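This report describes how parts of one protein chain pack against each other. Look at the structure first, then read on.

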Amino acid sequence: MKTACAAVAVLCVLCSAASFAVLENARGAPEAAAEENYPALEELFSIVIENRAGGGVYVKRSGETKRAGTVLAAAGRLNESGYTASGWAWQRSVAAVAVNAVHVKVRQSGDRGAVLSILPAEMYEKPADYKSYYSASSSIMTDIPAGTGIFGGGLSPFVGNPVFLKDGGKWVPIPALYQPREGDTIQIKVLRPVRLPSEIVFENRFGGRILVRYAGGGARVIGMVLKPVAGVGRFAGSLYADVGRIRANHTGVICVSTSPPGEVGGFQIIPENHAMSPEMKNARLLTQWMVVGPTSVEAPSTEGAAPLFSLYLRPVYFPMGTSGRTIEEMLDMYIVQVRIEGGKWQRMPEVKGRVDDALADVTHVRILFPLEPAFLAETEEKK
């Protein structure tokens, strides 16, 4: 199991039959894991980034290459002490995806990851009062607007996707001792599970169940709510996401926006150990965080575990009525809904800023997944 990172590279080349059955995260995988931890994967596309000013950001899919943006400034180093949750990410892989950033963990550095970031145009200069993780010198700055393209416009990777470096015309797993250099070319293989859930439901109460459902099947309990969410807070990246959309996902968070683009407001779902991190004191004291854990007190905490904190979630959003979008693109979105006082499922309430009791009457939260690729293929055949 110590060769997990090398195994990732081999499996990604064979992505149509890929499985993460041999992977461990930084804290070690449990001996018996749920189905979601070891899914068969398929490649959707790859993202290629030239680490030089004026370099291209390309998306390659089905033999076709399209330019998705331009690099404004190259990264010159790794941040050897990334954000706390990077310590739970797989090495040589995507550690976080968001409408305002993509973070890559190259290697473990102490209890954190050595991180390379890819940022949208709005992050070229750090916005005022920006409290999310930010390291300009270890970031590839692009001209791609936040919330679009690889930052939530249908081209985002997933947490756990493998990262490669071009070396002598060949793609190799990004070396463990890698440091970014001007002119390097990096590739992210965007893989996702072939079989997706139809939804994940959180019973928003202490001891509430976390259930995963698949189309045509029943529900299975995969975790427990240890602290319900009741409020909405000023999470910076929600500025670039719409109401009821996933703003970010990494090994220690699902961030959901409750505000329209241009406004801030949202809440977070985090695993129990991360809730005890020193910088997460507010998550234990305030109402803007739901804390989740396994069903047993003897089971390990769920940092980096699928389907909540790796492999399955990403920010994907297209404004309704956007011209030129295919049905497949529109159905690829993730939607977050709520039930209020046990009623019917409904749209996420629009709440801006900090409102400590904005979600106090929410009894259930659910994440609706994109339709499975197999379902879309059947639909296409019937046309």
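Predicted model: local features only at pLDDT ≥ 70, side-chain atom pairs only at ≥ 80, totals over all residues.

## Strands, cores and rings

A hairpin is formed by strand 15 and strand 16, with two residues between them. Strand 15 covers residues 245–250 and runs antiparallel to strand 16, to which five bridges join it. In one of these places, His250 has Val253 of strand 16 as its bridge partner. Strand 16 also pairs with strand 17 (residues 266–271), again in the antiparallel sense, over four bridges. Here Ile254 stands opposite Ile269 of strand 17.

How many of the five residues of strand 16 are buried? Five of the five are, so that strand 16 (residues 253–257) is mostly covered. In a regular strand, side chains alternate between the two faces of the sheet. In strand 16, one side carries Val253, Cys255 and Ser257 and the other Ile254 and Val256, and these are all buried.

The largest nonpolar core holds 68 residues, and Ile118, Phe202 and Ile367 have the most contacts inside it. Another core, of 11 residues, lies apart from it and includes Ala248, Cys255, Met280 and Ala283. In soluble globular proteins, nonpolar side chains tend to be buried together. Beyond its neighbours within four places in sequence, Phe202 is in contact with several residues, including Ile269, Met290, Leu308 and Ile367.

The model has two aromatic pairs, listed here.

| Pair | Centre to centre | Angle between planes | Type |
|---|---|---|---|
| Phe235 and Trp289 | 5.4 Å | 90° | edge-to-face |
| Tyr334 and Phe369 | 5.4 Å | 65° | edge-to-face |

Phe235 lies in the loop between strand 14 and strand 15, and Trp289 lies in strand 18, so their pair ties together parts that are 54 residues apart in sequence. Phe235 has 12% relative accessibility and therefore counts as buried; Trp289, at 10%, counts as buried too.

The charged end of Arg195 sits over the ring of Tyr214, 3.9 Å from its centre, and Arg339 lies over the face of Trp345, 5.7 Å from the ring centre.

Elsewhere, Ser46 is found in strand 2 (residues 40–51). Ser46 counts as buried because its relative accessibility is 5%. Among the residues it touches are Tyr58, Lys60, Gln187 and Val190.

How values were computed:
Residues numbered from 1 in each chain as written. Heavy atoms only, no water. Buried < 20%, exposed > 50% of the residue type's maximum accessible area, 1.4 Å probe, protein only. Contact = heavy atoms within 4.5 Å. Core = buried A, V, L, I, M, F, W, Y, C linked by side-chain atoms within 4.5 Å. Pairing = 2+ DSSP bridges. Phe/Tyr/Trp six-rings, centres within 6.5 Å; stacked < 30°, edge-to-face > 60°. Lys NZ or Arg CZ within 6 Å of the ring centre and 35° of its normal.
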